[in-house]
Amino acid sequence: MIPPIASNFVAGEGPAEALDHVRELNEGGVSAILNLLGEHYEERPPADEDADAYIDLVDDIHEAGLDACVSVKPSQIGLDVSDHAFEENVARIVDHAAEKGVFVWIDMEDHTTTDVTLDAYERLTRETDGMVGVCIQANLKRTGDDLERLAPLPGKVRLVKGAYDEPKEIAYKQKSEVDRAYKEYLELMFREFEGGVAVGSHDPKMIEFAEELYDEYGTDFEIQMLMGVRENAQFELAAQEYEVWQYVPYGSKWFSYFYRRVRERKENALFALRAVVGN
Ligand code: FAD
């Protein structure tokens, strides 16, 4: 069982608990992006098993009629085994999901995986006429070029600041530089994309900037935040008619995810602790 301190950030160990969480979110006007926790499998069987689990999850979402989609990590479904294993599994998930009308996001991992991830995205989003999305990281200096490549494609792009510690030759390292790049890339997306812009950030400054860009360019956008982070803001934004999606992790491998959230921001631990002691 997941201890209460972690359950602010992780919806449960199995799909049934995760789907219950999605129902609650949907009642509050927030949509859900479900992520089965797991990454860096070096053998094919666990990668195939997680791909199968996503296919079952797609069926559950479809049958329950929930406002939800899924998000997969390339190294969870075979990228550390081989490019081919990843390509096979991601195609399997996307093809099945497209048949069921369920959207699939592909998370972005460290810079060594960017090319193979974008290649798979481009192929699948063309094949399914935009039933796929990909995450792009503002801390990488290559991102401007990648966005130019992605602009004419169907599908969606989630812009995040970037969670991986990348070499300084290829990445912005200072928070101020990453924030500046985030705004520059967000503006490029609002200017050049016809739709499919996802603002993956908890930063009130970035959300405000997106609202200004919407006023200027009229490009539709959605806001994506993690479960357990600024949840009040998520429901408030949804009540103001913004399209808000909560990224909802679940699964037995919850500990390392929870630990990452706590390390990234000690207030997360304090917040979770306050929820437990009811203060
Ligand atoms: P930060 O720069 O961390 O914080 C800016 C401001 O936001 C803070 O000053 C504060 O006002 C507010 N804020 C941030 N956190 C909190 C908090 N816990 N409580 C209250 N206020 C807070 N990264 C990847 O590399 N690949 C991915 O595929 C990926 N997918 C993601 C999907 C989603 C939906 C989200 C939200 C993030 C994803 N990330 C991914 C992580 C991302 O790269 C960042 O590491 C993470 O979102 C932190 O950056 P930030 O923009 O939220 O703001």
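User: This is a predicted model. Where does E216 lie?

Analyst: E216 lies in helix α7, which covers residues 204-217.

User: Is E216 buried or exposed?

Analyst: Relative accessible area decides this, and a residue counts as exposed over 50%. E216 has 53%, so E216 is exposed.

User: Which residues form a negative surface patch?

Analyst: Asp and Glu count as negative. In this model, E208, E212, D215 and E216 make up a negative surface patch.

User: How many aromatic pairs are there?

Analyst: Two rings pair if their centres lie within 6.5 Å. By this rule there are 7 aromatic pairs. Take F9 and F258: their ring centres are 6.1 Å apart and their planes stand at 40°, so the pair is tilted.

User: Which parts does the pair of F9 and F258 tie together?

Analyst: F9 is in the segment before α1 (15-27), while F258 is in helix α9 (residues 254-264), so the pair ties together parts 249 residues apart in sequence.

User: Are F9 and F258 buried or exposed?

Analyst: Buried means under 20% relative accessible area. F9 is buried at 0%, and F258 counts as buried at 10%.

User: Which residues do ring pairs link into a cluster?

Analyst: The cluster linked by ring pairs holds F190, Y214, F221 and Y242.

User: What about R23: where does R23 lie, and how far apart in space are R23 and K141?

Analyst: R23 lies in helix α1. With a relative accessible area of 37%, R23 is partly exposed. From C-alpha to C-alpha, R23 and K141 are 39 Å apart in space, and they are 118 residues apart in sequence.

Key: Residues numbered from 1 in each chain as written. Predicted model: local features only at pLDDT ≥ 70, side-chain atom pairs only at ≥ 80, totals over all residues. Heavy atoms only, no water. Patch = residues over 30% accessible without salt bridge, like charges linked within 9 Å, V, L, I, M, F, W, Y side chains within 5 Å. Areas by Shrake-Rupley, 256 points an atom, 1.4 Å probe, with all protein chains shown as cover. Salt bridge = Lys/Arg side-chain N within 4 Å of Asp/Glu carboxyl O. Charge placed at Lys NZ, Arg CZ, Asp CG, Glu CD. Helix = DSSP H or I, 4+ residues; strand = E, 2+ residues; numbered from the N terminus. Buried < 20%, exposed > 50% of the residue type's maximum accessible area, 1.4 Å probe, protein only. Phe/Tyr/Trp six-rings, centres within 6.5 Å; stacked < 30°, edge-to-face > 60°.
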